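I opened a new notebook page for this structure.

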Amino acid sequence: TLGNIHGRRTPYIFQWLFNVQRQLTDSVAVEAGYMANSGHKLERLRAYNESILRAGPGDNRTVEQRQPWPAYGRIQEVDGSVNSNYHALNLKLQQRFTRGFTYLLGYTWSKAIDNGSAIRTNAGDRLFPPNSYDLDHERALSQFHTGRRFAGSFIYELPFGAGKPFASRLGVVDKIIGGWQVSSIVTFSDGQPVNVGGIGDRANIGNANWPDATGISPYPEKQTPQRFWNLAAFDGSNSQLLYRNGSVGRNALIDPGLRQWDFSLIKNT
């Protein structure tokens, strides 16, 4: 069943920032800044009339019997109940194009938190919360959170050929060795959050349940592509998961980051 919440508020967001810039030379400038925002009444999908958890191992009521309004089944609604916040430190160093050379270096250290990153699934986020009656337990890193990110780029015109310091009057040779430039972009970035896999509807509420956290770190000391996460950090076999939600939170893992180098060699004719 689909439903609409009458009187749902329009989502809104506050943003603020503070930047300091300093010119170091005629062509080089450095900038440091703090950027933040706070979102409210943001929208996500949730389920009303969801079955409540069983009272214990002896509770044999069906899914329908544990629904507040059994005649209506599960009611899906877009609810404006999400809050978010983002805080970031930004650093930038830039040289304007001077003597055939320019570069731009940027670093961001940030944290994004919410209790729902999209209405629908966003790159693996949960479509429905394990408990639609308690969205506070969904508060975690946003699906798009990236803790640290560095990006650097440069363009350099090789000093050969017409108008350059070397080999500027060599005729045909100038056509061959002149007009070349090299450029590159380097990117280093932390990974983004992902959810631990569900263990099926063990609690019998019409929605997937999640395992318990054991207290062991989910990251082994020596990570490999075949053992990037430590499975001992999670337990889906506890019999209590038949009548309660698992303790693993939303977006409890961070996937592999990014190390990327792009390079180009260009000739202007």
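The entries below go through strands, backbone angles, aromatic rings, a surface patch and salt bridges.

**Before starting**

I noted that this is a predicted model, in which local features need pLDDT of at least 70 and side-chain atom pairs count only at pLDDT 80 or more, while totals for chains, interfaces and linings use all residues. Residues are numbered from 1 along each chain as its sequence is written, and side-chain values use heavy atoms, with hydrogens and water left out.

**Entry 1: strands**

I looked up how the strands pair. Strands are DSSP runs of E with at least two residues, numbered from the N terminus, and two of them pair if DSSP finds at least two bridges between them.

I began with β4 (residues 75-98), which runs antiparallel to β5 and is joined to β5 by 13 bridges. One place I checked was Asn90, whose bridge partner in β5 is Thr108.

Next came β5 (residues 101-114) and β7 (residues 148-157), an antiparallel pair with nine bridges. Here Tyr107 has Phe150 as its bridge partner in β7, and Phe101 stands opposite Tyr156.

I then followed β7 to β8 (residues 180-189), where nine bridges again join antiparallel strands. Ala151 is opposite Thr187 of β8.

What does β5 do with β6 (residues 140-141)? The two run antiparallel and are joined by two bridges, with Ile113 opposite Leu141 of β6.

**Entry 2: positive phi angles**

I looked for backbone angles that stand out. Most residues other than glycine have a negative phi.

The hairpin of β4 and β5 has two residues between the strands, and Arg99 in this hairpin takes a positive phi near 55°. Lys41 has a positive phi of about 60° and is not a glycine; I found Lys41 in strand β3 (residues 28-48). Asn49, also not a glycine, has a positive phi of about 60° and lies in the loop between β3 and β4.

Is Asn49 buried or exposed? I use buried for under 20% relative accessible area, exposed for over 50%, and partly exposed for in between (1.4 Å probe, protein chains only). Asn49 counts as buried because its relative accessibility is 0%. Lys41 is at 29%, so Lys41 is partly exposed.

**Entry 3: aromatic rings**

I counted seven aromatic pairs in the structure. One of them is Tyr12 with Phe14, edge-to-face, at 5.6 Å centre to centre and 80° between the planes. Rings of Phe, Tyr and Trp (its six-membered ring) pair if their centres lie within 6.5 Å; planes under 30 degrees apart count as stacked, over 60 as edge-to-face and the rest as tilted.

Ring pairs also link Phe101, Tyr103, Phe154 and Tyr156 into a cluster.

I then checked for charges over rings (NZ of Lys or CZ of Arg within 6 Å of the ring centre and within 35 degrees of the ring normal). The charged end of Arg74 is over the ring of Phe128, 4.3 Å from its centre. For Arg126 the ring is that of Trp210, and the distance to its centre is 4.2 Å.

**Entry 4: a nonpolar patch**

Which residues form the nonpolar patch on the surface? They are Tyr12, Phe14, Trp16, Phe18, Val20 and Tyr34, with about 610 Å² of accessible area together. Such a patch takes nonpolar side chains (Val, Leu, Ile, Met, Phe, Trp, Tyr) joined within 5 Å, from residues with over 30% relative accessible area and no salt bridge. The areas come from the Shrake-Rupley method with a 1.4 Å probe.

Strand β2 (residues 12-23) gives the most to the patch, with five residues. Phe18 is in β2 and counts as exposed at 55% relative accessibility. Tyr12, at 32%, is partly exposed, and Phe14, at 49%, is partly exposed.

**Entry 5: salt bridges**

I found 11 salt bridges in the structure. The term means a side-chain nitrogen of Lys or Arg within 4 Å of a carboxyl oxygen of Asp or Glu.

Arg44 and Glu138 form one, with the closest N and O atoms 3.7 Å apart. The pair links distant parts of the chain, 94 residues apart: Arg44 is in strand β3 and Glu138 in the loop between β5 and β6. Both Arg44 and Glu138 are buried.

Arg250 and Asp125 form another, at 3.1 Å from N to O, and both are buried.

Note on methods:
Helix = DSSP H or I, 4+ residues; strand = E, 2+ residues; numbered from the N terminus. Patch = residues over 30% accessible without salt bridge, like charges linked within 9 Å, V, L, I, M, F, W, Y side chains within 5 Å.
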